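Dear colleague,

Please find the structure below, followed by an account of what was found in it.

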Amino acid sequence: GSTTKNTATSTSSSGSGSATTSASGSANPNAPLKTGLTVAFLPKQVNNPYFTTSDGGGKTALTKLGETYKEVGTSSATDTAGQVSYVNTLTQQQVAAIAVSAQDAGALCTALKQAMKNGIKVVTYDSDTNPDCRQVFVSQASSEDLGRSEVQLLGKQLNYTGDIAILSAAQTATNQNTWIGFMKDELKKPQYKNMKLVKVAYGNDDAQTSFQQTQGLMQQYPNLKGIISPTTVGIKAAAQYLSGSSYKGKVMLTGLGTPNDMRQYVKDGTVAGFELWDPGKLGQLAAYTAVALSSGQITGASGETFTAGDLGSYTIGASGIILLGKPTVFSKDNIDQFNF
Amino acid sequence: MSETAPAADPGPAAATSKEFRERGFGALVRWDSVVAVVLVLVLLYSFGSVKNFGNSLNLSFLIGNTLPIAIIALPMCMLVASGQIDLSVGSMAGLSGAIMGALWNNGWPIQQIIPICLAVGLLGGLLNGLLVTRLGLPSLAVTIGTLALFRGLAQIILGANAVTDFPEQYLTFGSGRIGSSFVPTAAIPYLVLVVLAVVLLHVSRFGRAVFAIGANEQAAYFAGLRVRRTRLILFALTGLLASATGVFWVLHYASARYDNATGLELSVVAAVLLGGIDFDGGKGTILGAIAGVFLLGTLQNVMSLQDVSAQTQIIVTGVLLVVSVLAPRTARQVRQYAARRRVVSAVKRAASASA
Amino acid sequence: MAGADTGVLGLAGVSKSFGSVAALTDVSISLMGGQVHALAGENGAGKSTLIKTLAGVYQPDAGTVLLNGEPVVFRGPADARDAGVAVIYQEPTLFPDLSVAENIFMGRQPRASLGRVDHKAIKQATANLFARLGVQLAPDDVARGLSIADQQMVEIAKALSFDAKVLIMDEPTAAITASEVARLFAVVRTLRDQGAAVLFISHRLEEVFSLCDSVTTLRDGRWISSEPVSELTEDGLIRRMVGRDLDQLYPKQVAEIGEVALHVERLTREGAFADISFDVRKGEIVALAGLVGAGRTEVARAIFGVDRSHAGAVTVNGRRLRPGSPSAAMSSGLALVPEDRREQGLVMDMPIGRNICLPGLGALGIAGFMLPRRERSRAKDWAKRLQVKYNKLADSVSTLSGGNQQKVVLAKWLAINPHVLIVDEPTRGIDVGTKAEVHRLLSGLAAQGLAILMISSDLPEVLGMADRVLVMREGRLVAQFSRDEATEENVVSAATRSGVGEAA
Amino acid sequence: MTATVPLQPETAGQVRPSATHRLVDTLLRLREIALVGVIAVLLIGTQVDNSRFLSEQGVKDLLLNAAILVLVACGEAVVVMTRNVDLSVGSILGVAAFATGDVLKGGGSVVVAVLAALAVGVAFGLLNGLLVSFGQVPSLVVTLGTLYIIRGVDSLWVGSRQITAADLSPGFLSFGHGGVGAVPWLALLAVVVLIATGVFLRNYRTGRDFYALGSNPEAARLAGTPVRRRIIQVYILCGALAGLAGCLYMARFANVDSGTGSGFELTVVSAVVVGGVAFTGGSGSVYGAALGALLLTSINSMLPSLGISSVWVQAIDGFLLLLAIAVDRVVAVRIARTLRKRSARHV
Ligand SMILES: Nc1ncnc2c1ncn2[C@@H]1O[C@H](COP(=O)(O)OP(=O)(O)OP(=O)(O)O)[C@@H](O)[C@H]1O
Ligand SMILES: Nc1ncnc2c1ncn2[C@@H]1O[C@H](COP(=O)(O)OP(=O)(O)OP(=O)(O)O)[C@@H](O)[C@H]1O
Ligand SMILES: [Mg+2]
Ligand SMILES: [Mg+2]
């Protein structure tokens with residue numbers, strides 16, 4: 001993961017914006033929820049189906065609470081400068097809270113701190129920034145759960161024998177790297193002694209590159225039996241390649257994907273099972289969290305508890321992280337019940 | 001060029017694309033001044049009727065976020081005037097940022113790191129320049145190659161790391177502003193760069209050579225100008241300022257990652273084109289380039305404040321580019337058509353008279 | 001209006017202006033079938049503009065184009081072409097990337113089955129044309145890199161390939177030598193006898209008199225006269241063009257010949273020329289004569305360093321030049337006026353003033369900064385000395401007439417006060433009046449100690465100006481004549497004599 | 001020959017190059033040979049290291065990867081030959097791919113889908129062509145503008161929708177990866193289009209006009225070439241090929257959204273440049289561009305296959321690209337020198 005040097009306190013500009021300061025304000029769990037607040041969603045990329053689903057969840061929740069929802073963002077997932085200027089703009093517009101999925105853990109910091117200094121609450125979801133640049137991170141699932149369960153899923157499909165590889169997104173993707181760390185750790189367990197991780201490849205979340213990386217894996221490792229792709233773009237590219245190649249059915253594929261993307265490949269037997277959380281719920285939780293913060297029910301300190309509508313009650317964990325819950329495993333049997 | 005274009009209507013034969021801009025509005029208007037005037041109008045409108053636009057924080061955001069493009073636009077303008085292009089600038093900025101991050105992680109003092117980054121930029125620019133001038137390769141091809149090469153090197157050097165903990169006073173330089181005014185601290189050295197660039201391109205002997213080389217390489221060569229050396233210097237300058245932009249980027253966003261400034265080249269090219277710099281070479285002013293950069297930056301800022309969606313912003317950028325070349329041309333075309341109509345009807349009259 | 005004597009193609013009361021410059025004012029002309037008609041006038045008189053109006057490149061501001069006596073509107077060159085008008089423009093306009101054969105037949109290639117272009121037929125037809133004109137080019141040769149003269153020959157071949165009713169030629173002979181001219185004239189006469197109407201422009205008056213039947217004179221864009229050539233003398237024609245009598249045409253001043261200024265020794269460039277050695281002394285004008293393609297331009301380019309020589313050495317004032325470096329050549333006092341003004345001599349889109357000041361920028365500023373006042377005064381001074389006809393110094397060179405562009409090229413190089421001057425076709429396209437002025441200028445500079453190497457296809461100019469004539473053939477120096485020995489016969493026979501007993 | 005003309009030059013003495021010499025000359029002049037050489041060296045080198053690289057599946061993958069790029073590069077090359085450029089191909093490809101998917105998803109037939117993609121391509125090509133030719137304005141600016149505009153329109157139209165494999169018929173999907181032996185349908189289609197374009201450029205007046213236009217626009221106008229019409233035609237051709245490529249993209253990747261094809265223009269331009277089509281216009285061939293495309297995609301297939309860490313891929317990619325154009329250039333210069341010396345000896 002990120003090897004940021006930990007001199008965070010010294011870099012936080014003029015002190016007042018840092019998470020510690022705002023968390024030291026007092027929380028009133030019984031404060032009434034304010035209405036009419038504007039909560040802005042700033043996804044990594046607009047028009048990305050995954051984020052459209054999650055932000056749609058946020059919109060549902062906000063409408064229910066009587067708040068105003070808005071979504072802004074860049075059309076490219078690697079336009080960090082664009083994301084920064086959106087944070088700046090939202091600061092100018094004095095929204096109540098920003099829910100942001102950060103393209104870059106560090107680059108948004110200055111701008112987000114500016115926002116917090118101006119009284120705006122900052123929630124990150126899906127992809128975090130440095131902890132001192134936001135109040136709460138709404139995490140889709142625990143990294144540990146995700147990492148380990150994917151290995152378990154593949155192990156079952158392979159009967160615990162054979163070479164495996166990982167097809168990740170970008171080399172810089174922090175969440176990917178954390179998951180991969182847990183995957184490697186899981187593989188150390190004795191039941192995986194016949195499974196060998198031969199390679200981690202990166203498809204840059206680009207269909208064509210992921211394609212070619214999959215081809216390369218096949219050619220380079222004739223004994224490859226399984227691939228884990230913990231990214232939605234990677235897994236569907238790999239599935240499409242496998243489904244049209246001579247390796248179909250011989251090489252197992254699992255990872256993180258959306259049911260709509262993967263339906264065809266589950267049905268034609270390319271993929272036996274994969275998993276994901278419900279992005280819509282992720283967005284809802286981010287929205288509830290933002291409103292709770294703005295209403296003063298929570299401040300972002302660990303141990304605080306609040307109610308997120310029908311999602312139930314959530315408690316803020318260490319370093320301001322809220323966990324959505326366990327991911328769902330999709331297979332032939334249940335995939336038709338989902339539509340996102 | 002800084003002379004006003006002649007008030008001539010050369011007829012269709014001389015209406016090559018090179019001339020169209022200046023001829024478009026006749027002798028009255030030069031394209032770069034048009035862009036500058038449009039910029040001023042947009043600013044006036046925004047101050048008047050866009051909420052939150054005029055406060056100094058927003059203006060400092062606007063200027064600060066536009067500075068990276070504005071810095072690179074200076075040497076790019078000259079390079080393009082000499083008939084070449086450098087698409088590797090974004091990658092060079094990324095590489096210099098990556099080096100900055102990697103060295104900082106290894107405990108180097110920042111006073112040493114920054115000169116090293118700049119030196120790498122200079123070397124990268126020289127590499128582009130040497131491949132273009134000594135091997136005679138097309139600059140477009142070379143710099144598409146180095147676009148991948150520099151970004152790849154950045155990836156090798158910094159890998160997945162993101163470095164954020166640079167010293168406070170440097171970060172303040174990168175993102176702070178002077179007092180509570182709207183002027184970002186970094187704008188001051190930028191103004192110095194602008195003055196240097198204007199002098200270099202429009203006042204010095206070097207600048208004369210640049211324009212001549214861009215407009216007709218062979219004639220310049222026959223006039224004893226050092227074609228290759230001039231271009232080499234321009235490439236080196238571009239590399240140098242691209243790496244300076246990389247350093248600024250890291251400080252401004254407080255983040256060194258290998259993919260910093262991805263795609264910056266297209267923004268620079270779009271802005272420079274909008275500023276009336278002709279990619280056939282031989283034409284363009286620093287003023288035009290800067291006006292183009294800030295016009296795009298301001299429009300984006302205003303549109304974001306007005307909650308215009310990203311998609312629509314993209315379309316507006318595109319339409320602006322198309323209009324920038326089409327508007328002068330259309331005016332001309334209409335005039336010509338009218339003139340032709342006159343002649344044709346005169347002929348018809350003559351024909352009917354003789355019948 | 002239509003009648004037997006209206007002519008095939010003509011203009012009636014045509015005016016055309018470019019902004020504030022009136023290029024043509026109320027001009028009428030009529031071309032008859034079976035006649036060669038000359039168009040005469042000083043540089044900038046409006047000849048090329050007239051031709052482009054006839055060819056549909058320009059639409060007249062007022063007046064009409066007449067085809068067989070009827071008014072027509074040519075909306076573009078294609079219309080004129082379809083009406084049977086073939087044009088050779090003043091500046092060759094070839095497609096550099098394509099073969100000369102394709103250049104000639106572009107847009108009207110003969111076709112084989114399925115509408116395919118018949119490449120073989122194109123080559124064959126080109127070979128035939130070239131044979132007829134005596135051009136030593138292969139149909140497959142690429143147009144890029146051809147000398148101006150060869151380009152001109154390709155243009156001529158193109159125009160002839162049309163079997164046009166009207167053939168218009170804007171200074172086709174400016175860059176070619178007597179033998180090519182003779183061939184061209186033979187072909188033109190054949191066409192005329194077959195009934196074609198021909199319009200011919202040249203600043204070489206003897207050509208007008210030997211080829212043409214009638215002549216129209218323009219001055220400052222106005223029609224002056226149209227009359228049969230047989231009723232005119234050269235002086236009469238000059239008076240009509242210039243409006244006054246002219247001084248001596250080749251005013252050679254006596255100059256003191258000094259020490260060697262340019263020393264060329266065994267210079268060789270593979271594929272172009274071999275083993276060239278000669279000297280040019282201070283005060284001396286040495287002419288390099290020869291046929292088109294003899295390698296004269298290539299020698300000049302190699303001396304100046306634009307092309308790299310493969311063997312041999314060039315010494316200027318005792319200093320040996322670094323090969324392949326024009327900037328080094330210039331700093332030791334060498335200057336080259338190139339033959340191709342549009343590609344090499346001028347930056348067409350730059351102002352006239354900037355062009356004149358382009359070489360030797362160093363003298364026009366302080367510490368690398370330009371001093372606009374110095375620039376302007378140099379430009380003004382030299383534009384005046386060479387009688388450039390221009391509107392504003394800030395106008396781009398492309399708005400000048402061909403001859404005036406050539407004057408700018410000369411001005412540009414004379415302005416830097418070289419020690420050794422190489423001029424390649426210095427008076428190409430310059431009218432008689434200014435030509436005398438240029439000759440006076442060159443001769444005067446020689447008298448002050450300048451060494452001049454002059455390449456010219458204009459034999460009278462060579463004989464009139466040179467102290468010594470060197471003759472090249474097929475890439476080699478084959479003869480040398482002193483001013484007294486040099487006669488037209490001598491030079492021509494040295495330039496054309498076939499291989500018998502020639503030095504290897 | 002007309003005997004009336006004096007000073008007949010002597011031609012009899014000239015040594016005519018022999019037939020074999022001429023063959024060698026022609027071969028040497030073919031710039032494409034150098035590219036084929038570079039590609040062969042790379043492929044064989046990889047094969048030596050990894051014997052599965054050129055297996056049936058491996059070859060198929062190579063060709064599949066190249067097919068889409070070849071199509072677009074072919075169209076782009078024609079535009080570049082006329083001294084113009086089309087930067088909007090990536091955006092056009094994106095819209096066309098989604099249009100294909102939209103038709104198929106709605107139960108439309110494959111023929112209609114292909115026609116829809118072509119129609120989208122032709123429409124945007126026409127837009128580009130009209131804008132560029134209308135005012136003879138620099139195509140770089142115009143198509144950079146339409147790159148943004150078309151992408152914006154695409155995003156507005158598509159929004160966050162996407163078409164996935166489940167929306168497509170099995171027949172269309174198998175067209176995306178099926179073929180005869182190691183040769184996929186997509187590659188066959190690309191080759192047919194390529195050869196047709198090549199023949200058209202070489203053997204038809206319109207094709208020759210494209211070269212003329214790029215070589216010297218002013219001269220083309222004076223020669224009576226209908227300049228505007230030709231420019232519109234090349235843009236329509238390029239747009240149509242980008243549209244067709246969008247259709248193939250759909251078949252191949254079975255997944256499109258509003259971002260499909262972003263940044264593709266740079267790859268296309270590199271393929272064209274590597275393929276020796278000069279941006280100054282008038283020269284080059286579509287075969288060169290196709291080889292350029294093949295070279296680029298081969299490099300990208302080769303590196304993973306050699307097991308080179310993805311961290312290094314981009315740098316090596318850039319380096320090899322530079323190396324390829326440099327080698328190509330050096331070889332070309334050498335050949336030119338050889339030919340010149342040879343012709344010098346012939347005189
Ligand atoms: N436009 C051109 N036409 C022909 N040759 C050129 C041209 N430009 C450069 N060259 C070649 O470049 C070489 C030197 O070019 P130039 O004088 O412009 O560069 P320079 O900076 O002086 O180089 P150097 O430092 O090597 O002297 C010459 O050998 C010449 O052949
Ligand atoms: N495109 C143009 N723009 C502006 N002025 C022009 C243009 N073309 C020609 N002129 C002007 O029109 C006048 C006539 O030019 P033209 O080329 O017809 O002369 P010419 O008789 O052919 O001279 P030359 O003998 O030098 O070729 C000149 O004053 C010239 O400057
Ligand atoms: Mg003329
Ligand atoms: Mg010559």
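Between chain B and chain D the count of salt bridges (a side-chain nitrogen of Lys or Arg within 4 Å of a carboxyl oxygen of Asp or Glu) is zero. This is a predicted model, in which local features need pLDDT of at least 70 and side-chain atom pairs count only at pLDDT 80 or more, while totals for chains, interfaces and linings use all residues. Residues are numbered from 1 along each chain as its sequence is written, chains are lettered from A and ligands numbered from 1 in the order in which they are written, and side-chain values use heavy atoms, with hydrogens and water left out.

Across the interface of chain B and chain D, one residue pair is in polar contact, with both residues at pLDDT 80 or more. A polar contact is a pair of N or O atoms within 3.5 Å; within protein, one must be able to donate a hydrogen and the other to accept it, and residues adjacent in sequence count only if both atoms are side-chain atoms. On the side of chain B that touches chain D, two or more residues each come from helix 1 (17–24), helix 6 (139–158), helix 12 (264–274) and helix 14 (310–354) of chain B; helices are DSSP runs of H or I with at least four residues, and strands are runs of E with at least two, numbered from the N terminus. Helix 14 of chain B provides the largest share, 15 residues. By class, this side has 30 nonpolar, 14 polar and three charged residues, where Ala, Val, Leu, Ile, Met, Phe, Trp, Tyr, Cys and Pro count as nonpolar, Asp, Glu, Lys and Arg as charged, and the others, Gly among them, as polar. The buried area (accessible area, 1.4 Å probe, lost on putting two parts together, summed over both) is about 3,600 Å², and carbon and sulfur atoms give 79% of it.

For chain A and chain B, the buried area is about 2,900 Å², with 46% from carbon and sulfur atoms. Two salt bridges are counted between these chains. B:Arg257 forms a salt bridge with A:Asp104, their closest N and O atoms being 2.9 Å apart. Helix 4 of chain A gives the most to the side of chain A that touches chain B, with nine residues. That side comprises six nonpolar, 26 polar and three charged residues.

Yours sincerely
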